[in-house]
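Subject: The structure for you to look at

Hello,

Here is the structure I said I would pass on. Please open it, then read my notes below with it on screen.

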Amino acid sequence: ILFILFIAVFSGFKSFAQNMSAQAYVQKYKDLAIEEMKRMGVPAAITLAQGLLETQNGNSDLLLASNNHFGIKCKSTWTAETVSQDDDTPGECFRKYKSAEDSYRDHSNFLRGNDRYDFLFKLDPADYKAWAYGLRKAGYATNPNYPQILIKYIEDNNLEQYTMDAINDVPHLDASQYASDTQSDDNGGNDKELPQTLDESASVAPVSFTINGCKALYVSKGTSLLAIATQNNI
């Protein structure tokens with residue numbers, strides 16, 4: 001009886017220890033999302049929201065088995081390791097990565113390298129709602145409520161602040177030069193020449209968002225605070 005009780009308690013403790021919260025997931029991977037936004041232009045808020053959803057806050061069986069944070073399936077070009085998981089149909093093939101970095105990198109390359117996602121990169125990177133609905137329109141997920149779920153993750157976890165961290169460094173890229181990684185390597189995928197980023201002095205249209213429930217406005221460096229106050233009746 002004591003042995004059975006020990007097994008039950010140990011199993012329960014192990015399960016509890018592996019249960020990651022949304023906040024913990026964001027803190028652990030936000031820097032990767034920001035780096036990828038600067039490298040490829042996918043908004044950090046969108047990347048983190050997709051990661052939260054696809055991994056069940058970092059606790060999914062697929063993630064634990066494959067380091068696959070975005071539910072990307074094998075496709076015909078993938079030649080590296082794979083795992084099988086039930087999804088829309090039983091035993092579907094999913095990509096397996098050596099690290100979270102590889103998964104985040106491949107996610108960015110996957111979106112940049114597919115023609116059906118080209119229109120997303122013409123959107124304002126701070127417009128997370130347009131990106132969320134655009135991903136559904138492009139067929140990233142089959143769930144009709146996919147956009148609303150992503151938006152809720154972003155707003156509940158204040159993810160837009162991480163997009164703002166990289167907004168001045170969003171690259172101008174020729175999407176035809178980038179393709180979804182066909183395999184994962186020690187460097188996290190295919191290394192291309194880094195694109196040019198926006199000039200720090202470039203003008204950025206004011207972007208309204210919230211941080212911890214407080215309204216905030218992101219503007220270009222050097223913008224007159226008096227002008228902002230006047231325009232917003234502050």
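Start with the sulfur atoms. Cys-74 and Cys-93 form a disulfide, and their sulfur atoms are 1.8 Å apart. One word of caution before you go on: this is a predicted model.

**The disulfide**

How many disulfides does the count come to? The count comes to one. The link of Cys-74 and Cys-93 is left-handed, with -75° about the S-S bond. Now see where the two ends sit. Cys-74 lies in the loop between helix H4 (61-66) and strand S1 (82-85). Cys-93 lies in strand S2 (residues 92-95). The pair therefore ties together parts that are 19 residues apart in sequence. Cys-74 has a relative accessible area of 7%, so it is buried. Cys-93 has 33%, so it is partly exposed.

**The overall layout**

Step back and look at the whole chain. The protein has nine helices and four strands. Read along the sequence, the pattern is α-α-α-α-β-β-α-α-α-α-β-β-α. The protein has 234 residues, and 43% of them count as buried. Now take the contacts between residues at least 6 apart in sequence. Of these, 60% join residues at least 24 apart.

**Two helices that pack**

Two packed helices are described by the angle between their axes and the distance between the axes. Helix H3 covers residues 44-55, and helix H7 covers residues 146-156. They pack at an angle of about 110°, with their axes 9 Å apart. Is that roughly parallel or roughly perpendicular? Angles of 65 to 115 degrees count as roughly perpendicular, so H3 is roughly perpendicular to H7.

Which residues make the contact? From H3 come Ala-45, Ile-46, Ala-49, Gln-50, Leu-52, Leu-53 and Glu-54. From H7 come Tyr-146, Ile-149, Leu-150, Tyr-153 and Ile-154. By class, the contact has 10 nonpolar residues, one polar and one charged.

**Salt bridges**

Side chains of opposite charge can pair when their charged atoms come close. The structure holds eight salt bridges. Here are some to find on screen.

- Lys-30 and Asp-31: their side chains meet in a salt bridge, at 3.4 Å from N to O. Lys-30 counts as buried, because its relative accessibility is 18%. Asp-31 counts as partly exposed, because its relative accessibility is 44%.
- Glu-36 and Arg-39: the closest N and O atoms of this salt bridge are 2.9 Å apart. Both residues sit in helix H2 (residues 22-40). They are three residues apart there, so about one helical turn separates them. Glu-36 is buried, and so is Arg-39.
- Lys-38 and Asp-169: the closest N and O atoms of this salt bridge are 3.9 Å apart. Lys-38 lies in helix H2, while Asp-169 lies in the loop between helix H8 (160-166) and strand S3 (207-211). The pair therefore ties together parts that are 131 residues apart in sequence. Lys-38 counts as partly exposed, because its relative accessibility is 34%. Asp-169 counts as partly exposed too, because its relative accessibility is 24%.

There is also a network to trace. Salt bridges that share partners join Lys-73, Asp-87 and Glu-92.

**Two asparagines to check**

Which residues have a positive phi although they are not glycines? Asn-67 is one of them, with a phi of about 60°. Asn-67 is found in the loop between H4 and S1. Its relative accessible area is 27%, so Asn-67 is partly exposed.

Asn-158 is another, with a positive phi of about 50°. Asn-158 is found in the loop between H7 and H8. Is Asn-158 buried or exposed? Its relative accessible area is 15%, so Asn-158 is buried.

**Where to begin**

Begin with Cys-74 and Cys-93, which form the disulfide. Then turn to H3 and H7 and look at how they pack. Finish with the salt bridge of Lys-38 and Asp-169.

Best wishes

Methods:
Residues are numbered from 1 along each chain as its sequence is written. This is a predicted model: local features need pLDDT of at least 70, side-chain atom pairs count only at pLDDT 80 or more; totals for chains, interfaces and linings use all residues. Side-chain values use heavy atoms; hydrogens and water are left out. Axes are lines fitted to C-alpha atoms, for helices over the stretch in contact, and angles run from 0 to 180 degrees between N-to-C directions. Angles under 35 degrees count as roughly parallel, over 145 as roughly antiparallel, 65 to 115 as roughly perpendicular and the rest as oblique. Contact means heavy atoms within 4.5 Å. Ala, Val, Leu, Ile, Met, Phe, Trp, Tyr, Cys and Pro count as nonpolar, Asp, Glu, Lys and Arg as charged, and the others, Gly among them, as polar. A salt bridge is a side-chain nitrogen of Lys or Arg within 4 Å of a carboxyl oxygen of Asp or Glu. Buried means under 20% relative accessible area, exposed over 50%, partly exposed in between (1.4 Å probe, protein chains only). A disulfide is a pair of cysteine sulfur atoms within 2.5 Å.
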